Amino acid sequence: MHDEAEAARNNPPEQAHQAGASAPHEGPSASDIEALLTNEAIPAHVRSLVGLLWEGNVKLDDALALNVGDITHTRREIPVSEQTLRLLREAIGDREQGPLFATPSGRRMSRGAISTQVRSTTRYGAHDIRLGGHRDRHSGPRRSSR
């Protein structure tokens, strides 16, 4: 174990990669996101958050501050696809008020709790998803599922 730690300190990342370590994290592609959004094994609240981060360029803290009423009203200020809107409605269920991303007891989810759920079910961090969507929007013609 000591030898591994010493080797990591002495090898720059590119040398570690050549030695067989994992590649630097690139973030999800548009096709990765599409697969995540349609994967019903992933909870609807996680998939809807992925859509908000990717399509709406919403910061995680801003997404966690949203309430049910922010989504159920007809005025849409965050540009998301119909698919993400359906996922948001599925995540809301029959709730009429309260935090959009809520614990089973109805309390607002913490940044740590949702970040752990996103990473464990998608392999990506919330920040990587948001930045990937930003790159996708600025890299040429945009695919639209609206």
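**Packing of H3 and H4**

Guide: The axes of H3 and H4 cross at roughly 150° and come within 9 Å; axes are lines fitted to C-alpha atoms over the stretch in contact, with angles from 0 to 180 degrees between N-to-C directions. H3 is therefore roughly antiparallel to H4 (under 35 degrees is roughly parallel, over 145 roughly antiparallel, 65 to 115 roughly perpendicular, the rest oblique). This is a predicted model in which local features need pLDDT of at least 70 and side-chain atom pairs 80 or more, while totals for chains, interfaces and linings use all residues. Numbering starts from 1 along each chain as its sequence is written, and side-chain values use heavy atoms, without hydrogens and water. Helices are DSSP runs of H or I, at least four residues, numbered from the N terminus.

The crossing of H3 past H4 is left-handed: the near helix is turned anticlockwise from the far one by less than a right angle. H3 makes the contact (heavy atoms within 4.5 Å) through Ala 30, Ile 33, Leu 36, Leu 37 and Thr 38, and H4 through Arg 47, Val 50, Gly 51, Trp 54 and Glu 55.

Within H3, Ile 33, Leu 36 and Leu 37 are buried, meaning under 20% relative accessible area with a 1.4 Å probe, protein chains only. They lie on the same side of H3 because their arc around the axis is only 95°, taken from the directions to the C-beta atoms.

Notes. Buried means under 20% relative accessible area, exposed over 50%, partly exposed in between (1.4 Å probe, protein chains only). Helices (H or I, at least four residues) and strands (E, at least two) are DSSP runs, numbered from the N terminus.
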